[in-house]
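Visitor: Before we examine the terms used for this model, please show me the sequence and the structure.

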Amino acid sequence: CLRETAVIKETLEYFIKIINTNIDFKIIVVTTEKENYEKKLGLSNINHFINDLQSSLNIDKLYGKYNHLVDKETIKEIVDFIKTKRLDSLDLMRYIKQKISYSLTTPQVIEQIILTNPDMAKNIVHLHYDKYNGIMADQLNFAINWLRKEMEASEQDYFCLYNADSRPSFKTFACIIETIVKNKYPQVIQQYSCAFLNIKEVNLLLKGFAVYQTNFELRQGFINSNYQMKKNRYRYIVGHGLIIRFDVLVSLKGFDNSFWCEDICLSNVLIQKKIPIIPLPIIEIMEIPNKLSSLIKQNAVWYSTSLKINRVSKHNKIKYNDLNKNDMNWIICRHLLNLNWIFSPLCFISIFILILFFHLAFFLIIEIFVYLLYILTTFLPTILLAEKLSNIKVKHKFLLLICVALSFLISNLGPLYFLIVMPKQKYKTLR
């Protein structure tokens, strides 16, 4: 967890509620010193925050820039206070420093939950990764090393990975047990997801992106994993919803921190070692980012590792001391997905512009018809499959298809952002 104060309590309550009490389980919450370090660093440069606060009282804009320093609710309280009170610069600085100092970090929120909720605390283990650098993979490996000291790795123990905003179905853990028994303790199980949790709250473009992202997860993940015996099928695991046998995870030396997306790295390892991915027949409902800028930066992070897939493959072969593994089909599929991500929107837009330039009205009608037919045949089955696998009813399907028709045309903004800006640090999605 990194800067998850807004959702962590609700998430822990949700997981304890949906996990069957007959199961021997512990919820391990991993926080990082990076959050404390960034807050201290921000406090030492508090003047930047105060200057921006005096020039703009836009809460979303301030939170986007200073979420490492203070949570969104505290920023709202500061803004409301400034609107009603007049303070000189010294008093203002004193007030803001006090508010920020009193605002809790994620590790503090978790410790507070454990102290004040004894019934919840008995199933929660809080691990704090004590380094201020590193990425999600480092936190996960920290938890794995702790577990190795606490227990012997066996084929009957599973490591389930979820994010702070994850909301798996109430039937998820019963389904996991059923899948484990049915498949005789498989090595890897994956719960794929649909991005419909906050679809009512976001704007039209983000509604479209929710469908677009769900389409990738279900087609490339859920459907392809059901047909994984066909070698030309691309398949992958996702960081959240991953259920992996603990002895297998230990043998794979945990998660790789050499690239931003540890799930893409692990996917390649599973392909090289020919470890099948068993898809859970029920999906998680997750959130889509509530700002287009956040979604673009999130997509850029994914694209950064995807673009380096040859390096990922070579790195894994060296790491596991086996240069003879053949994963070429998987690598080619990944490159084709990268090209499709960049060029599919550009192709439709380019053809549309050319038709308008040459005033070809008849071809314009054909272009629109073909495009809408593509949207209908690609994304309507995705929506229907998401309904079936999640037991939710998706309303206004026609509106969602219109939204995804608009979003698809700019779906390459994340990859383009990465190629143009080349960000040096991994972006943390805001909640």
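Visitor: What share of the residues in the protein chain is buried, and how is that word decided?

Guide: In this predicted model, buried residues make up 50% of the 431 residues in the protein chain. A residue is called buried when its relative accessible area is under 20%.

Visitor: Why is Thr-179 called buried?

Guide: Its relative accessibility is 6%, and the cut-off is under 20%; therefore Thr-179 counts as buried. Thr-179 is placed in helix α10, residues 172–182. Leaving aside residues up to four places away in sequence, Thr-179 touches Pro-186, Ile-189, Ile-278, Leu-280 and Pro-281.

Visitor: What makes His-240 buried or exposed?

Guide: The value for His-240 is 10% relative accessibility. His-240 is found in the loop between α11 (204–226) and β6 (242–245). Its contacts, not counting residues up to four places away in sequence, include Tyr-162, Gln-190, Glu-217, Glu-284 and Met-286.

Visitor: Which residues of helix α15 are buried, and how do you know on which side of α15 they lie?

Guide: In α15, which spans residues 309–319, the buried residues are Ile-309, Val-312, Ser-313, Asn-316 and Lys-317. They cover an arc of only 130 degrees around the axis, so they lie on the same side of α15. An α-helix has 3.6 residues a turn, and therefore residues three or four places apart point the same way. Arg-311, Lys-314 and Ile-318, on the other side of α15, are exposed.

Visitor: What do the buried residues of α15 pack against, and which residue follows α15?

Guide: They pack against α13 (262–272), α14 (292–307) and α16 (328–357). Asn-321 follows α15 and has a positive phi, near 55 degrees.

Visitor: How do you know whether the radius of gyration of the protein chain agrees or disagrees with that of a compact globule?

Guide: For 431 residues, a compact globule would have a radius of gyration near 22 Å. The protein chain has 23 Å, and therefore the two agree. Along the principal axes, its C-alpha atoms fill a box of roughly 65 × 65 × 45 Å. The chain contains 19 helices and eight strands.

Visitor: How much of the contacts with a separation of 6 or more comes from residues 24 or more positions apart?

Guide: Such residues account for 78% of those contacts in the protein chain.

Note on methods:
Residues are numbered from 1 along each chain as its sequence is written. This is a predicted model: local features need pLDDT of at least 70, side-chain atom pairs count only at pLDDT 80 or more; totals for chains, interfaces and linings use all residues. Side-chain values use heavy atoms; hydrogens and water are left out. Buried means under 20% relative accessible area, exposed over 50%, partly exposed in between (1.4 Å probe, protein chains only). Helices (H or I, at least four residues) and strands (E, at least two) are DSSP runs, numbered from the N terminus. The arc is that of the directions from the helix axis to the C-beta atoms. Contact means heavy atoms within 4.5 Å. The radius of gyration is taken over C-alpha atoms; the globule rule is 2.2 Å times the number of residues to the power 0.38.
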